[in-house]
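Colleague: I am new to this model and would like to learn how to read it. May we take a few features in turn, with the general idea before the particular case?

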Amino acid sequence: METISRPLSLCWLSSAGLSPDQIRIWLENEPDPVQIYESFQRTRSIPAEMNCPEKIAQTLFANSQSAAMGRWERLLEQHGIQALCCLDPDYPAQLKDLPEAPAILFYQGNIQALRQASAAMVGSRSATYKGLEATRQIAERLSNAGIAIISGLAHGIDAAAHQGCLKGKSPTIAVLGCGLDQDYPAENASLRRQIMAQGGLTLSEYTPGEKPLGWHFPYRNRIISGLADCLILMEARIRSGSMTTVQHALNQGKDVFVYPGEPGNPKSEANHQLLREGAIYFTTAEDIMEDMGWLDKRQDVGQNIESPAPAPLPPVSATEQQVLNQLEKGEQSFDQLCKALGMPAAMLNATLSMLQIQGLVEALPGKIYQRKA
Amino acid sequence: MNEMMAQALSFGVSGVSGFPVQVEVFSTGGMPGMEIIGLPDASVRESKERVNAAVLTSGKQMPPRRITINLAPADTKKEGPSFDLPIAVGLLVANLQINVRPELDLTRTVIFGELSLDGRIQPVHGALAMVISASEQGLTDVILPAENALEVACIQGMRIFPARHLTEVIDHLEGTHLIQPQGQVSYEELRRHRSLAMDLSQVKGQQGARRALEVAAAGGHNMLMIGAPGSGKTMLARCLPGILPPLSFQESLETTRIFSIAGKLEPGSGLMVERPFCSPHHSASVASLVGGGANASPGEVSLAHNGVLFLDELPEFSRSALESLRQPLEDGMVTVTRVRHQARYQSSFMLIAGMNPCPCGYYGSRQRQCRCTPQEIRRYLDQVSGPLLDRIDLQVEVDSVPVQEIRTAAPAESSAQVAERVARAREIQLDRYQGKGFHCNAQLDNAGIKEFCPLTPEAENLLHMAVDRMNLSMRAYHRVIKVARTIADLQGADEIGTAEIAEAIQYRELDQKYWRS
């Protein structure tokens, strides 16, 4: 009989609906999944202590005979997908003690990324502009401090977290809710390519070919919180997927950092509720690093970063200083600035452009300007 | 059998110009009846019933004879009821009902007008186009409906006889009672009575958008306004005709002629003195925008010729409708082609577009929370194609003004004040581009930008820095220079400095925020 590859045997083993515990028992009996596959094909025997229902045994057999094997083999090769089982040395240590940890993981990219200190960043798919900006900024800082950012590659906060991390020095890790061959969500395909190109990792417990079904995602969230050393919630509604991640994190005994959103905005309703219940309050990446004891690390990594010499900027003029002073009082719309400074629109436009180019002021949607930190 | 023959001269309309039509009436004995030939459409064919009734109610006879009416040239389609009057005149002459006074030459007197059954003469579409063509052919005398008289009163060297009733025309032809010719009205006279539909002084707050509107007007730039519902986009757009330079006589002739052909001119009104403002609804079809229909009539882009075309809710327009704007935006001209017809209409207009920042309209608003997903916003913005955006130089956000501001704000600058600055900037441009094929900065191509838009070294440096740091596309790069040229013209400066470039950069909102993913 022709021998099959190890990842392919793991595909087969993960596909029939065996629970992680059952797979673990089987692997403890016979550590080599290829052997499991071959002996099963010969004898159709399954260890009795697994209590494997007859139906699953039939599926396992049917899968081993059918075209499914060929399809998996193709997908594994096409997408460069690797597989791990819970007995492998590379299997993330963080997950070992987790109840319901997946017995088999599929991944693409750099598995060593999991050995780094890491933080999970989660939040709403439809976030506010400010929430997204804050996410990018915090992720970038943590990344530069040597903290890998873990998220779910969804729209909104997830994507912003990955983007921020990519700007920094650390790899970012995306945990998907579907087979790794699927491009989901399709809009983030280029982000995913970038993650891979910069030494990141995509990870999934689902067999290649699995569709992104609705219930996968909240279930997958336990891996996101499980892999990370702490969870950072940026923006969430009360009833949301992000809240399931928070629940998982609390069950797993992880620290949960909650970003204070705008009071009264339903998009950060859950943040305020959690803060009232005693979640850890933070506003900057430094807050998190301090609480997590990562501050020394930052210095280590900080020394290694050689930042490119910034281009010389024109000095701030008197008019520009005037606008800056006005913006110190908080974000303001164009009309408000015009009125407060008594400046003609033409001049204010020009001044704001100069300040934006110098990176001192930022334009928000709705013709609102704010001082950049 | 005594055959009789008579001829009258009329005009038809094709595209934006008139063409002469000989109305030949042949009357002979035989089976009584009347036939119109020479490719008449339904309204022309029905004309015999109107003419019959009008002649009888005017107290003349219709002897029972066999009558053939030919509209020459016989191979061009004739449309509309404007041939009623010349047909009636031809009939009366051929049936010996009237004696035309000898000094009046029917073959050199243009006659058109629609008849009602009681002999009254109704106004027709395209009178201006027909009279202009007649004047080009050296004809001077025109008998036309009284309500069209003012429309053509500005044309020099014409004798216009406005008629209200068929009997007046009969008396005029026989010489028993002559019609008073219409006195000439100079265009300047008309313009004195001009009143603005909307004045900028009524717009409260909106300092940024007001300034952008001024820049757009000064350089003839197309402009896109992005803002929440009710932020005043439509109001701002309506102010634009009032701050553009006044319509010149030549421009007015062009625009009025198109309005006249489309039948959009109010009866009894003269040449247009105000720049047109057209705001088609976003459900508009391609044909209604660029023109078309079975007999190729002008669309909104042509009605906006020399004026403003305002498209509110830009992404809601159908893709094909938006794409159809590309030719008129590029050439200032549309060609409408039908199987039997081809017409070219002028369509040189300023495009002002309005759109919400997202489908619900409140993205970035402080008044209300936006409830759109990022995908929805992307999909909404993607409705507007890159090639169309390429032709829009200014993109500005319109901030919604708080209610108390509307009540308390001091009266703002009026349109007249802004118009003065705009007119000065336009003059500078006309001087600069004399004989170069451009009229305003918006028309500059890349070669033109190189030639006419010198940047100071500091300004150039700044622009490169902006491209670098503010994610400005290369597409935006040239637009910024053009707009900066206009800002410099408003200032009366020859060279473009850092202040002009810096201000122009603010008018690229979409490059900076919305289309950045």
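Colleague: Which residue of β2(A) is the bridge partner of L84(A)?

Modeller: Strands (E, at least two residues) and helices (H or I, at least four) are DSSP runs, numbered from the N terminus. Two strands pair if DSSP finds at least two bridges between them. Here the partner of L84(A) in β2(A) is L105(A). Strand β1 (residues 82-85) of chain A runs antiparallel to β2(A), with four bridges between them. This is a predicted model, in which local features need pLDDT of at least 70, side-chain atom pairs count only at pLDDT 80 or more, and totals for chains, interfaces and linings use all residues. Residues are numbered from 1 along each chain as its sequence is written, while chains are lettered from A and ligands numbered from 1 in the order in which they are written.

Colleague: With which other strand does β2(A) pair?

Modeller: Strand β6 (residues 201-204) of chain A also pairs with β2(A), again in the antiparallel sense over four bridges. There, F106(A) has S204(A) as its bridge partner.

Colleague: Is β2(A) mostly covered or mostly open?

Modeller: A residue is buried if 20 or more other C-beta atoms, placed from the backbone, lie within 10 Å of its own, exposed if 12 or fewer, and partly exposed in between. By that count, six of the six residues of β2(A), residues 104-109, are buried. In chain B, 50% of the 517 residues are buried.

Colleague: How many residues of chain A are in contact with chain B?

Modeller: Two residues are in contact if their C-beta atoms, placed from the backbone, lie within 7 Å. On that basis 27 residues of chain A touch 28 residues of chain B. On the chain A side, α16 (334-341), α17 (345-357) and β11 (361-364) each supply at least two residues. The largest share, nine residues, comes from α17(A).

Colleague: How does one check the length of a helix, for instance α20 of chain B?

Modeller: The expected span is 1.5 Å times one less than the number of residues. For the 18 residues of α20(B), 474-491, this gives 26 Å, and the end C-alpha atoms are 26 Å apart, which agrees. Of these 18 residues, 13 are buried. G492(B) follows the helix, with a positive phi near 80°.

Colleague: How many helices and strands does chain B have?

Modeller: Chain B has 22 helices and 18 strands. Its C-alpha trace spans about 95 × 50 × 45 Å along its principal axes.
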